[in-house]
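Have the model open while you read.

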Amino acid sequence: MEHIRLPKVERVQLADRSSSRRAQVGTLYLTAFHTIFVDNEVHNELWVLHSLVCNVEKLSITSCGYPLLIRCKNFQVIQLLIPKENDCNDVFVSLLRLSRTERYEELYCFSFMPNVDKAARGQAWDFLNLKAEYNRMGVSNKLWHTTSVNREYRVCDTYPADLYVPKSASLPVIVGSSRFRSKGRFPTLSYYYRETQAVICRSSQPLSGFSARCLEDEQMLEAIMKSNPGSRFMYVVDTRPKLNAMANRATGKGYENEDNYTNIKFQFIGIENIHVMRNSQQKLIEVSDLPSPSMGEFLLGLETSDWLKHIKSILAAGTFIAKAVAEEGVSVLVHCSDGWDRTTQVCSLASVLLDPFYRTLKGLMVLIEKDWVSFGHKFSHRYGHVVEEPKEASPVIDQFLECVWQLMEQFPCAFEYNERFLISIYNHVHSCHYGNFICNSEKERKDLGIREKTHSLWPHLWKNKVDFVNPLFRADHSQTKGVLQPLTTPYCFKFWRGLYNHFDRGLHPRQSVLDSLMAIKEETQQLEEVLTIYQQKLAGVGREQANDLFVKKHGMKNSQGLWAEPTHIRLANSPQDYNGGNLVSGPKDFLFGDTSESSDPDNSDQESEGADFSCHSCSGGASPPSEDSVKDPDSDDPAFNNA
Amino acid sequence: MEFAELIKTPRVDGVVLHRPFLPTVEGTLCLTGHHLILSSRQDNTEELWLLHANIDAIEKRFIGSLGTIIVKCKDLRIIQLDIPGMEECLNIANSIEALSTLDSVSLMYPFFYRPMFEVIEDGWNLFLPEEAFKELESMTDEWRLSEVNKDFSICPSYPALVTVPKDIDDDSLCKAATFRHGGRFPVLSYYHKKNGMVIMRASQPLTGTSGRRCKEDEKLINATLRAGKRGYIIDTRTIAVAQQAKARGGGFEQEANYPQWRRIHKAIERTNILQESLIKIVEACNDHSNSMDRWLSKLEASNWQSQVKEILTTACLAAQCIDREGASVLVHGTEGTDSTLQVTSLAQIILEPACRTVRGFQALVEREWLQAGHPFQQRCAQSAYSNEKLRSEAPVFLLFLDCVWQILRQFPCSFQFNEHFLVMLFEHTYASQFGTFLGTTAAERVKLKLSQKTVSLWSWVNRPQELERFLNPLYEPNSLVIWPSVAPQSLLLWEGVFLRWNRSTKCLDEAYEEMVHIIEYNKELQLKVNSLRRQLAELETEDALPQTP
């Protein structure tokens, strides 16, 4: 609380970025965890979590006040206009401090107290069970088992406590191998593909330098290779560019020498490092944020950002591994440097391609929990949860989620979840609203008592699953089954407007096929129920039941209208600026410069008339484009009171 | 001329055909006057029937005595024929080249085609100007149908009947015509029921360097404005291009002479630049280098998406003037037969819900493109692969379709037709068995007696069994004006045309089928529920009857 210099400012303007002339006037509140803007007239509320704030900027003063630009990690950009300079400064300083959390305990998830008792909270944390997930895959079995070697995180403090290794790998081999790997991250099972018994294993780079060897590490790889009886060799995939891997040799790290390991095929897949990716995304964000760019500027910016090139390289790596495992039946060991960024991306992406389960809602949750959370992807570092070295930040999971989105574009029926699910996960990785993604490893989370002190995201998403379902998904559809074989030709990759321009309502299709189909499916379900009732009635018509029936019939009337009325169509429909502002550039030079012709001042404001239009044109028009743009999705929780 | 003269080798056995997504077929190649046919002995379904008119370019290669002809089609497909025997191959190649570039319209396939179906509703009589005018008359009496051009002498590219302001007599029209490029004096394109504003179209005024003016032209244009109202002239060219036109006798309206109008210049490119764009984007899509940089830079350099954005933006602007500013609009470029029509027709799709139905869209194409004198035959003579020196080819109509597709993507429930319908129109403008897109003007079509000698595309499309494929299952009439986004993020590459032959659409087609299935199942259930409800209601009344007496 001590950081809030000014809890409330009146007569603040919230600019609409799609039009300079549409602004809401209201009151701005600063609380411990949120910035809240309440519109004076329509009582629209905008809630922004401080933890989502990326940076705050004071812009040069205008005639109406002092502008403040707030950029969020979810690509929302908020422009406020504050009447007084002092107030603006106070808000600025407060927000700077509030958005820079210094200690984990200050994060929102530690104060977020939904009305759930202790037992329920514990149950919620048990919503996903990794042991059950490994069982589902088919381990333990005769060749693979769980090892207790890392129970107290003694061998590797960034790995989970429960790990799966070949039965033939003895304890000394595992420990020896871990000593020969960066951060002790020895080769361990990521995914077991039942059909071919081939596996995806993951590790960090070996400490091979220019010539070092480690017998145990060599035995470890041999054990993995031999645990796939159908194959006489295995792939070792180094996801780094060869040059980077070679540079690492000078510091005593590096990559496997094919001569020292029996029957490995070594392969580089050049995915760039976190710094390159961070800069690339920065450029992409700048492109998506250009004010009315020309097509040339946009495409050129997209090209020079290199973003889609990186997405393509990650998807290509995932595809290579999935092919090796499914088609060749060959096991793969994947690593990069530390084995927690590129390795994680590629292993989880290959799993999505291989296993239809990971294309279901629950499956994707489990996959993230397993490959990302439990295997020590450094969430708090990468997504800047607390003030840290900015060079640690990088859009690693962004790229994974985007690869999944690109796959959804190629295989529209193969995924149970929709784009909104990916965006929701993305938001929560940054929001620090739930405890799942706090800290950098399982050990850290245990030490901090995340399970006891915070809540889990997954049951919350599961509860809202109707919003996240892809209406085209059918469990028995041919596209749903088996291994996905995506194309990686350049033209298959698209700019992800849904994420990067998520809050620019005007840029999205004005009617949504997804929403229409969801509404139709919902209605279909109701119809099925009514049909059953009618059939039962007809089968054994007791005539006295006619009255009862009559009620049912009238109950149906409402949903019958659904098909006819375009209520499920979102028509946020008003014209854009089609003439560089010349046509609708404000009352001054409206139309002909001399204002006499268009004398009615109310009519001259074409833009506001436009906004009006969208309101009465369709009920959907006035509603927010998504759960998180206007109101915090959980604002029904009394989070506000904690402030 | 006999086609036989051009066909030295009418038939070759043992030809192997390679085409996208289908297994290679070995069979017999036959050439007829209008078709290249390949049929395999085993299976009739493996047949290929390709109109010579659809062939844009061919390449031949020889390895020993095995010849290969690569056939590049106007619908952008590329197929390969392996022909044993050098002489046969050369003969075939020569014949294809000659038959695919016949200059005489009357030798085109539509004059020879006999439909295998019964024409129930003749497409030639579906969209008559008189009918359209009757509808206009029911809304307003400010306009009249003029026969001034009935022998096509005032304006050779206009139809016989044009709609003009009631107060302007035919003499004035004749004079105004002399002041406009190609005689294309301002005529009515669209009447906006909601507020009575109109879209007019014309060609550039012939002001020249001396600043000529024409009282009748000024009077004609002003007659379209209601008292106290003003309007916009949308010149589809940049001010620089319009200035240059003066030197060649063209020009633009001086505001001093048209004080009630404000001029806006946009930047829709000339036809030869559009054609270059098409060639480049098709080349980009066919580039197999697998490099993301190369793809994006080629996509950008093609400028195709920029053309789409500019055309759509101009159309939106015109619609905005009408619907939001309450001002009438006059649209023209240079000749008034290309960019002008893109703008006026797209504006109508934005403004007028009827244009988003199958019939309404056909009427729009008939009215704003065919009757309005878009020279289809010249523009669509060659497509993206032709090595010939370009004459007046340009993808003007394809760009219009692309823009419609963009709006369809943004308002997927507001159109009665689907993407297949647009792709089908694209195909038929370049090569067709139907006569609809033959000729360059209404006058020429009359002279060619197309309506007597050929079948209309609409006669075929509107048969229920064909139409079914082109209907959008999500369609719900939307009576509103639809404002598309023209931001680069919102405009997509039209994969259905440009990537159609490059990647399999199996998964996307399955998704479409799934969507259809979901909707059909819903409708089926509604029918079932309704019928059961009726049955139950009958039981109810039976129940009630004995009680009433």
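α11(A) passes α14(A) in a right-handed crossing (right-handed if the near helix is turned clockwise from the far one by less than a right angle, left-handed if anticlockwise). This is a predicted model, where local features need pLDDT of at least 70, side-chain atom pairs count only at pLDDT 80 or more, and totals for chains, interfaces and linings use all residues. Residues are numbered from 1 along each chain as its sequence is written, chains are lettered from A and ligands numbered from 1 in the order in which they are written, and side-chain values use heavy atoms, with hydrogens and water left out.

Helix α11 of chain A and helix α14 of chain A pack at an angle of about 30° with axes 12 Å apart, so they're roughly parallel (angles under 35 degrees). Here's who touches whom, contact being heavy atoms within 4.5 Å:

| Helix | Contact residues |
|---|---|
| α11(A) | A:L361, A:L364, A:M365, A:I368 |
| α14(A) | A:F421, A:L422, A:I425 |

By class, that contact of α11(A) with α14(A) has 7 nonpolar residues and no polar or charged ones.

On to the record: an unreviewed UniProt entry annotates residues 124-500 of chain A as "domain: Myotubularin phosphatase". That stretch, residues 124-500 of chain A, is 45% helix and 9% strand, and its end C-alpha atoms sit 31 Å apart.

Aromatics next: there are 52 aromatic pairs over all chains (ring centres within 6.5 Å). A:Y134 and A:Y164 have ring centres 4.1 Å apart and planes at 25°, so the pair is stacked (planes under 30 degrees apart). The pair links distant parts of the chain, 30 residues apart, with A:Y134 in helix α3 of chain A and A:Y164 in strand β9 of chain A.

How values were computed:
Axes are lines fitted to C-alpha atoms, for helices over the stretch in contact, and angles run from 0 to 180 degrees between N-to-C directions. Helices (H or I, at least four residues) and strands (E, at least two) are DSSP runs, numbered from the N terminus. Angles under 35 degrees count as roughly parallel, over 145 as roughly antiparallel, 65 to 115 as roughly perpendicular and the rest as oblique. Ala, Val, Leu, Ile, Met, Phe, Trp, Tyr, Cys and Pro count as nonpolar, Asp, Glu, Lys and Arg as charged, and the others, Gly among them, as polar. UniProt positions are given in the numbering used here, feature names are shortened, and annotations may be inferred rather than shown by experiment. Rings of Phe, Tyr and Trp (its six-membered ring) pair if their centres lie within 6.5 Å; planes under 30 degrees apart count as stacked, over 60 as edge-to-face and the rest as tilted.
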